[in-house]
Amino acid sequence: MAKINEDLLKERKKCSFNTAELTHLLDGGKDKTLERRSREHFFLDDPELRSKIPSEYLSHKEKYEEAIRKSCILFRKVQELQEAGKGGMDNYREILGGQLGSAILKDGNPITLHYVMFIPTIMGQGNFEQQAEWIQKAWTCSIIGTYAQTELGHGTFIRGLETTATYDPKTEEFVLNSPTLTSYKWWPGGLGHSANFAIVVAQLYTQGKCHGIHPFIVQLRDEETHMPMKGIKIGEIGCKLGMNSTNNGYLGFENYRIPRTNLLMKNNKVLPDGTYVKSPSSKLTYGTMIFVRVVLVQDCASYMKKAVTIATRYSAVRHQSEMKPNCPEPQIIDYVTQQYKLFPYIAMSFAFQYSASWLWDIYNNVTGELESGQLENLPELHALACCLKAVGTADCAAGVETLRLACGGHGYMTASNLPSTYGLATAMCTYEGENTVLLLQTARYLIKIWQNKKNIQKLPTVRYLDNALFNNRSYEKSVSWILSALQQVAAAKIDLANKHINDRVRQGKAYEDAWNETSIELVAAADAHCRTFLLDIFNLTVNNFQLISPELKAVLTDLLELYAVHTAIRMTGDLLRFTNTIGKDVEALQLWLEELLAKIRPNAIGIVDSFDIRDEVLGSALGAYDGNVYERLFAEAQKSPLNQEPVNKSFGLYLKPFLKNNL
Ligand SMILES: CCCCC/C=C\C/C=C\C/C=C\C/C=C\CCCC(=O)SCCNC(=O)CCNC(=O)[C@H](O)C(C)(C)COP(=O)(O)OP(=O)(O)OC[C@H]1O[C@@H](n2cnc3c(N)ncnc32)[C@H](O)[C@@H]1OP(=O)(O)O
Ligand SMILES: Cc1cc2nc3c(=O)[nH]c(=O)nc-3n(C[C@H](O)[C@H](O)[C@H](O)COP(=O)(O)OP(=O)(O)OC[C@H]3O[C@@H](n4cnc5c(N)ncnc54)[C@H](O)[C@@H]3O)c2cc1C
């Protein structure tokens, strides 16, 4: 084993708590930690899943081919684990998620959509017979599917999709068409060259009437030759900011026929004669999107943990400048401005992990209720999933970028793995519902609740709004005060936005125009509501831990307080505007923040070590456990194809004649 960097050795000695205890707590128990480690060993120690050349040096085509090679090995190995009865769904979650998944395929996996959307849509929207027909084929990967909803012309406004599926009762088939260029499907992951099937979302026409968008199972390519089926126009959309091995594609239809039974019919049906049978709620068609938003919140915590581990370890190893004259250069982690770039994101990753886990439980409860026809908790779940996805992905992307900047020049190297982590994180702000749009969905729910508080006490995530407008607590140095103040801010913002909509309507504006004119405030209100939820859950979770050591409890309390104070300081203007907070209280908050940074400082390396992220998962010259940053950067530079020969041919071709000309 390589020698461990001296600074990191010292940091690890300073730690006041048992890092293994925190690792087990984060994993959900010692057994879970062991299971995760054995899974990581199973995948990461397989030489076939390693790349000989860093993916950045591959061409676009090679990147794709390498990604398919690895994906096939990866999912074959997952199947092996399943057959051996090891790990269950956790295997899929880890392999598709932001830690293990992005370690093996750092630019994205072209088959992800098969598991994350194709299979869940069949399970959520298919009737019993359709599940029997398709699920087995999909689970065993006899077919590979994707989720084709977005079109060139419309991503957000899905009621405006243009692809048509017109029922022909004579042959009992739907005929799919892309009537315009803007109706081409555009973006679906794996659609370009990987999937041979897709869920296609299209406008359903039968008996001369349009019934809105519906999901259909569509075969795209021949199962033997993989050639596109006749009537299918398909390809890849090209290079992107990141995720360049996910094979996002385009798709058009020309009188392409599919059987009637390929319409997913759990909720809505078309009978053989063309009669349309409607579901109890048109929103059930949107179920898969809620599922993915829910799992993305967990991914936000994963990416944040990864980035903050890299930047914190690097900050302990890196020395720069003189703090005092003639003293040795300090570790950059001793600069308080640096701590301010790092530690709030350590705390934030806990906040997101805990909220993700609550959201997952709520999701499972509500989908269980939907199965038995109970729909009343769906709007609350939808509102919560939307804002957590939006705030989580936005904070995650901003966090990864801040952490990259915190690593100075070396953070800009792909060898730091921060650029590609940013590529993955910032994509989440757009896909599965653009963030502003999702916050407006949450705002729509909040305004409704605000206008009719009759049943509010039955709604756990919003019941605080009943009286939060009048909290008015005087400043105390406590999380409970911050929570109460944030709740008051959220309530006041909703109240004000509601008032402004009403004022505008009274002035004669249409409700929709009044809504649009108030939408900056509406987004801010939804954001504030989400932040109260994140803090509330973090607080509840830490307070509920009974069986942990006092040392660990102290560290978690420091992180909880830091998260609370950091959130409060980011919202200073709102606190001054909407609560009893005065200037002196803001000063007290600032001093509290600085005190917390100092308290966390000796434990910073211990906390990120507790995340227990293997070097292969970090994939970073700056973040490895041994801290041999400079050796690793040097070794990475040697992998550049330009360094494989002392003189590049461009010298003879261009540079030499150019130099000669200038003589
Ligand atoms: C097998 C294990 C797997 C584990 C996985 C683990 C890890 C993997 C993690 C991550 C995955 C990694 C990689 C994946 C990579 C990429 C995937 C990207 C895939 C996509 O990128 S795929 C396309 C997604 N594309 C969108 O995301 C479109 C956004 N656009 C919309 O979502 C709607 O279009 C909207 C909402 C904007 C307007 O829609 P609209 O105009 O029809 O609705 P409107 O505003 O009129 O609202 C009418 C009433 O519906 C309610 N409502 C709306 N939505 C609802 C819902 N979902 N559920 C329940 N209620 C809902 C409202 O609240 C309202 O309620 P009310 O009337 O009561 O107020
Ligand atoms: C990496 C990646 C992977 C993807 N994978 C898939 C996939 O597998 N399958 C799939 O079907 N799709 C996929 N998508 C598409 C994705 O879901 C859409 O890009 C997303 O839903 C946003 O839609 P849009 O691109 O049309 O943006 P637009 O809706 O055009 O948004 C552009 C701007 O308009 C604003 N805007 C739009 N509507 C409103 C409104 N009502 N109120 C206020 N502002 C508004 C937005 O806030 C944004 O600022 C993927 C996208 C990406 C980037």
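Modeller: In residues 286-447, the end C-alpha atoms lie 21 Å apart, and the span is 75% helix and 0% strand (DSSP runs numbered from the N terminus: helices are H or I of at least four residues, strands E of at least two). An unreviewed UniProt entry annotates residues 286-447 as "domain: Acyl-CoA oxidase C-alpha1"; such annotations may be inferred rather than shown by experiment. The model is predicted: local features need pLDDT of at least 70 and side-chain atom pairs 80 or more, while totals for chains, interfaces and linings use all residues. Residues are numbered from 1 along each chain as its sequence is written, with chains lettered from A and ligands numbered from 1 in the order in which they are written.

Around ligand 2 there are 22 residues, of which Q149, T150, G155, T156 and W187 come nearest (a residue counts if its C-beta atom, placed from the backbone, lies within 6 Å). Two or more residues of this shell are given by each of strand 1 (145-148), helix 12 (418-430) and helix 13 (435-451). Helix 13 supplies the largest share, 3 residues. By class, the shell around ligand 2 holds 10 nonpolar, 10 polar and 2 charged residues (nonpolar: Ala, Val, Leu, Ile, Met, Phe, Trp, Tyr, Cys and Pro; charged: Asp, Glu, Lys and Arg; polar: the others, Gly among them).
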